[in-house]
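Please open the model in your viewer with the sequence panel alongside, and follow the stops below in order.

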Amino acid sequence: MMNRDGVRKNTLNKRSTCSVEERVKQFSDICRERNLKVTHQRLEIYRTLACSGNHPSAEDIHSSIREKLPTVSLDTVYRTLALFEEHGLITRVHQLDDKNRFDPNLEEHHHFICIRCKKIFDFHWPDFDLLSVPVQAEQWGRINSKKVELNGICMECMKQQKKSAN
């Protein structure tokens, strides 16, 4: 799919409509178009991220892929995720505990982060997405994206808190 400038639009955002293997294939195709090597390690790192629904950290991904690739280093995972982010293949979610988490979902969406359990939930807010950027912000430079991050306590943690109080 091409954008208005004739550049292929990133199609890795179809989390709900594509299987993981379809997303990995799309990822491979985009990497090749951008002259990025498609190595076994990179595929496994992306596949692990795409399979996860909880915005994993580099450490989480490393732990998960060590079963398949016992020699992969944490440094390799960090460098690979940085490369993916640099090329717009994933995004970074900054978390409350200073641990970066990663998101393969490039669709326009926002995050709710539980301040207790640190779970991250994706949500859509079309009304916000349609708002104009304040003039003051445009004076600082070019705006590439608008994202909302809501911090609070998730329902699961609130239920646990009620049980503990009783």
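How far apart are the end C-alpha atoms of helix 4, and what should its 13 residues span at 1.5 Å a residue? The model is a predicted one, and in it the end C-alpha atoms of helix 4 are 18 Å apart, which agrees with the 18 Å that the helix should span.

**The whole chain**

Of the 166 residues in the protein, 36% are buried, and among contacts between residues at least 6 apart in sequence, 47% join residues at least 24 apart.

**Helix 4, side by side**

Now select helix 4 (74-86) and show the side chains of Thr 76, Val 77, Thr 80, Leu 81, Leu 83 and Phe 84, which are buried. These residues cover an arc of only 160 degrees around the axis, which puts them on the same side of helix 4. In an α-helix there are 3.6 residues a turn, so residues three or four places apart point the same way. If you then turn to the face directed away from the buried side, you will find the exposed residues Arg 79 and Glu 86. The buried residues of helix 4 pack against helix 1, helix 2, helix 3 and strand 2 (101-103). Continue past the end of the helix to Gly 88, which follows helix 4 and has a positive phi, near 70 degrees.

**The nonpolar core**

Which residues have the most contacts inside the largest nonpolar core? They are Val 77, Leu 81 and Phe 84, in a core of 22 residues. Centre the view next on Phe 84, which, when residues up to four places away in sequence are not counted, touches Phe 27, Arg 42, Ile 45, Tyr 46, Leu 89 and Ile 90.

**Arg 47**

Staying with helix 2, select Arg 47, which has its place in this helix. Is this arginine buried or exposed? Arg 47 has a relative accessible area of 17%, and because buried means under 20%, Arg 47 counts as buried. Leaving aside its neighbours within four places in sequence, Arg 47 is in contact with Val 20, Glu 21, Val 24 and Lys 68.

Finally, move to the open sheet of three strands, which has the order 4-3-5 and mixed pairing. Strand 4 (120-123) and strand 5 (149-152) stand at the edges with a single partner strand each, so one side of each is left without a neighbour in the sheet. From one strand to the next, the twist averages 20 degrees.

Select strand 3 (residues 110-114) together with strand 4, and you will have a pair that runs in the antiparallel sense over four bridges. Within this pair His 111 stands opposite Asp 122 in strand 4, while Ile 113 stands opposite Ile 120 in strand 4. The hairpin of these two strands has five residues between them, and there Lys 118 takes a positive phi near 70 degrees.

Note on methods: Residues are numbered from 1 along each chain as its sequence is written. This is a predicted model: local features need pLDDT of at least 70, side-chain atom pairs count only at pLDDT 80 or more; totals for chains, interfaces and linings use all residues. Side-chain values use heavy atoms; hydrogens and water are left out. Two strands pair if DSSP finds at least two bridges between them. Axes are lines fitted to C-alpha atoms, for helices over the stretch in contact, and angles run from 0 to 180 degrees between N-to-C directions. A nonpolar core is a set of buried Ala, Val, Leu, Ile, Met, Phe, Trp, Tyr and Cys residues joined through side-chain atoms within 4.5 Å. Buried means under 20% relative accessible area, exposed over 50%, partly exposed in between (1.4 Å probe, protein chains only). Contact means heavy atoms within 4.5 Å. The expected span of a helix is 1.5 Å times one less than its number of residues. The arc is that of the directions from the helix axis to the C-beta atoms.
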